[in-house]
Amino acid sequence: MNVLHTAVQTQGSWYPDREIQAKVRRIASDFQVRSDAALEALEVIREPECSIRSLVAIARRDPRLTTDILKFANSALFGSRARIASLDQAVMRLGLTSCKNIILACIAGSMLKRPSQPYLEFTSVLWSHSLLTATTASNLNLELSIGLQGEEYAAGLIHDVGRLLLRLAEPAKAALADPMDFQESMDLIVRENQELGTNHATLGAWFTDDMRFPASIVSSIRFHHQPEEATESLCLSALIAAADEIANHYQRRGSLIGYDIEQNKGITLLEDHGVFDAREKLKVSLGKVMERAFRDVAESK
Ligand SMILES: [Fe+2]
Ligand SMILES: [Fe+2]
């Protein structure tokens with residue numbers, strides 16, 4: 001089954017133009033970025049009556065998915081204390097929502113980690129940024145008691161998938177627009193729009209929508225540079241924007257020195273939408289949050 005080729009696409013008004021859609025579909029198909037089991041899991045996850053049993057049955061057919069689920073289930077990110085050795089144990093312990101989100105994170109990870117010549121350096125930098133954004137989002141979620149159950153990790157991993165797609169679809173133009181220098185301001189979006197006629201947030205959102213990722217994750221990808229414009233799943237979009245900005249600062253400078261949490265619009269937005277005292281808390285604890293985020297990055301390798 002290949003969703004990208006069989007889905008009847010309703011054209012959203014914000015979608016990139018059909019020429020780049022067709023190019024990206026061809027590339028995604030050539031690179032075989034998804035296994036059948038992962039695609040089927042995405043379909044099942046969207047069903048309102050999705051059951052743990054059906055997810056486990058699908059995951060069992062894909063050894064890599066099974067290994068990844070166990071790895072996530074045993075990580076501190078999902079609050080694991082005792083070692084989980086089997087898939088059944090993992091899903092019992094985690095519950096349906098976390099299981100769904102772990103599967104989404106596994107799919108996101110398998111797309112981004114795929115080594116693709118001649119883009120090894122690019123994919124390695126993008127993967128390090130994606131992973132740090134994911135672990136930062138998860139640790140901010142815990143620190144600020146936002147209450148998400150793993151979707152922030154999956155969304156953090158995949159938030160910049162559009163940068164990979166642009167690099168594969170239009171290598172020369174994408175390299176001009178996006179030097180991968182951990183400067184993801186609106187200037188990057190403007191340059192992408194000028195060079196490529198679309199940008200990585202829009203393209204990544206369209207692509208994951210086409211793959212049938214949940215709407216909340218699609219929305220967080222689309223709005224991770226303008227979270228204030230998100231009309232749904234605003235908290236997730238704001239959290240990913242916040243984590244992305246902190247991860248970029250850290251990866252640019254190698255530390256939090258000079259970082260001003262007051263300037264982080266994702267955190268301000270979270271506070272405006274009910275996350276109490278977020279800025280004041282993080283003025284004290286952001287160093288510890290990032291220590292834990294780096295520990296989780298090390299554990300994920
Ligand atoms: Fe981005
Ligand atoms: Fe990013």
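I count a residue as buried if 20 or more other C-beta atoms lie within 10 Å of its own, exposed if 12 or fewer, and partly exposed in between, with C-beta atoms placed from the backbone.

**Entry: Phe182.** I looked up Phe182 and found 15 C-beta neighbours inside 10 Å, so Phe182 counts as partly exposed. This is a predicted model, in which local features need pLDDT of at least 70 and side-chain atom pairs count only at pLDDT 80 or more, while totals for chains, interfaces and linings use all residues. Residues are numbered from 1 along each chain as its sequence is written, and chains are lettered from A and ligands numbered from 1 in the order in which they are written. Phe182 lies in the loop between helix 11 (171-177) and helix 12 (186-196); helices (H or I, at least four residues) and strands (E, at least two) are DSSP runs, numbered from the N terminus. I noted a positive phi of about 60° for Phe182, although Phe182 is not a glycine.

**Entry: Ser145.** I found a positive phi at Ser145 too, about 50°, and Ser145 is not a glycine. Ser145 sits in the loop between helix 8 and helix 9. Is Ser145 buried or exposed? Ser145 counts as exposed, because I get 10 C-beta neighbours inside 10 Å.

**Entry: the whole chain.** I read off 17 helices and zero strands for the protein chain. Along its principal axes, the C-alpha trace spans about 50 × 50 × 35 Å. A compact globule of 301 residues would have a radius of gyration near 19 Å, and the chain's 18 Å agrees with that. The radius is taken over C-alpha atoms, and the globule rule is 2.2 Å times the number of residues to the power 0.38. Of the 301 residues, 47% are buried.

**Entry: two domains.** I have domain 1 as 16-33 + 116-301 and domain 2 as 34-113, with bounds from an automatic or database domain assignment. Their centres, taken over C-alpha atoms, are 22 Å apart. Contact joins 21 residues of domain 1 to 20 residues of domain 2; two residues are in contact if their C-beta atoms, placed from the backbone, lie within 7 Å. Which helix gives the largest share of the side of domain 1 that touches domain 2? Helix 9 does, with five residues. I sorted that side of domain 1 into 13 nonpolar, four polar and four charged residues. Here Ala, Val, Leu, Ile, Met, Phe, Trp, Tyr, Cys and Pro count as nonpolar, Asp, Glu, Lys and Arg as charged, and the others, Gly among them, as polar.

**Entry: Ala105.** I located Ala105 in helix 7 (residues 96-113). Ala105 is buried, because 27 other C-beta atoms lie within 10 Å. Not counting residues up to four places away in sequence, I find that Ala105 touches Phe72, Gly150, Tyr153, Ala154 and Leu157.

**Entry: Glu271.** I placed Glu271 in helix 16 (residues 265-272). Glu271 has 17 C-beta neighbours inside 10 Å and therefore counts as partly exposed. Leaving aside neighbours within four places in sequence, Glu271 is in contact with Ala278 and Arg279.

**Entry: helices 4 and 6.** I checked where helix 4 meets helix 6: Ile52, Val56, Ala59 and Arg60 in helix 4 meet Leu87, Asp88 and Val91 in helix 6. By class, this contact has five nonpolar, no polar and two charged residues.
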